[in-house]
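Work through the exercises below with the model open. Try each task before reading its solution.

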Amino acid sequence: MKVLALIPDYLEKPSGGVGEQMRHIHNQLQNKVEYYICGYPEKNNIPNYRSVLAPIPSFPHVALTTIYGQSIYFLEGLNFKENFDIIHACDWSTFYAGVLASWHFRKPLVCTMQLSLQQLNKHGIFYCDNPSTVDGAHINGLQIMFEQMGLFYANKIIQVSEYYANQYTEYQDKSVVIHNGIDFKKWVKQNKSPFIKGSNKTKFCYIGRASAMKGIETILSSDIPDNIDFYFVVSDKNAEEPIFSNIKNKCNDKNIFHIQGLYDQDKIDFLFEMDAVVMPSTHEPFGIVALEALASECILVTTASGGIKEIVKDIEYFHIENSNDLNISYDKIANLSQIDKQSIIEKGRNHVKNFDWEVQSNKVYQVYKEVINMEYNPNMVKMD
């Protein structure tokens, strides 16, 4: 089975859940699926990988690079000149490229809704300079149209949470929920992390992208007390401004630190030395960081927005809505008894075992088997 996968992320050092998901699916299914992957520019050991131009977040009209960078540049996949069985567009920003590839190769299309621009708009988040201007509204409208085209022409839609599936009930007949996961068997601390400052303070961290949807302003406007060490683990890859600069400015190298991204075992070793992970997201399709935090024996502090609620519904966590809530959480967690802390940790770690990449990847494979013999959906637009 040959699958052309369009991934708006890096696989060697992913900047978000899209790359994490495909990296693990690729590893789990490599004996069943021959992947041909288009992703962001990087050197890796993945066969049949082509680099495409990544968007430039600091560009004023980032949506221009998103529309054309993700739609046209991802058509680099056509240069594989293979007889693919399936086209898999792994995020809304590659849906249009996926539709065009499906038409070109006349093969069925699978779209994964990792993130919905339409849902982001409902939370006041736009990937354009100013949506109130004519240009901004036009750019945003084009992006929404591309997202809707992917959903319309897809043979099968993978939703990463029940929350997202419930936003698109008109496509429920061809949708399936497949949560992201974690390789729990390999999620084991091996070394003392060299990134930790040598103190006995309670350790909090935010780990993820510098993005408006992540609600980082909640942390930036909180009062991080002296008895807390706070780490921002944020890469400048795909970072949005001025959020990334605000993070750097918040750090003081005394008890607030910045780390330029962590991956693989470095990330695992680091998280196992944290006491708590903060996820103040205003919008979260699923929330893979929550799984990583719980697997690393961390207490989760979160808004439980969107798909995160499906992870935390059966565990204990600290719920926050704003900076004041976070301030209270700093104090409560720093003063938790060891017995209470251990109880929270054990419940969370046991719960994570329900989200295993092997199981989730096999669900994706079942989707491939279902659509492989389907006819692609041809262009239905008629021109006079």
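**Exercise 1: Isoleucine 72**

Isoleucine 72 is partly exposed, with a relative accessible area of 44%; partly exposed lies between buried (under 20%) and exposed (over 50%), using a 1.4 Å probe and protein chains only. The model is predicted: local features need pLDDT of at least 70, side-chain atom pairs count only at pLDDT 80 or more, and totals for chains, interfaces and linings use all residues. Residues are numbered from 1 along each chain as its sequence is written, and side-chain values use heavy atoms, without hydrogens and water.

Task: find where isoleucine 72 is placed.

Solution: Look in the loop between helix H2 (62-71) and strand S4 (86-89).

**Exercise 2: Serine 93**

Task: decide whether serine 93 is buried or exposed, and find the side chain that a polar contact joins to serine 93.

Solution:
1. Go to the loop between S4 and helix H3 (95-105), where serine 93 lies.
2. Read the relative accessible area of serine 93: 7%, so the residue is buried.
3. The partner is aspartate 91, at 2.7 Å. A polar contact is a pair of N or O atoms within 3.5 Å; within protein, one must be able to donate a hydrogen and the other to accept it, and residues adjacent in sequence count only if both atoms are side-chain atoms.

**Exercise 3: Phenylalanine 84**

Task: describe the aromatic pair of phenylalanine 84 and phenylalanine 105.

Solution:
1. A search of the whole structure finds 16 aromatic pairs. Rings of Phe, Tyr and Trp (its six-membered ring) pair if their centres lie within 6.5 Å; planes under 30 degrees apart are stacked, over 60 edge-to-face, the rest tilted.
2. Phenylalanine 84 and phenylalanine 105 are edge-to-face, at 5.0 Å centre to centre and 90 degrees between the planes.
3. Phenylalanine 84 lies in the loop between H2 and S4 and phenylalanine 105 in helix H3, so the pair ties together parts 21 residues apart in sequence.
4. Both phenylalanine 84 and phenylalanine 105 are buried.

Terms used. Helix = DSSP H or I, 4+ residues; strand = E, 2+ residues; numbered from the N terminus.
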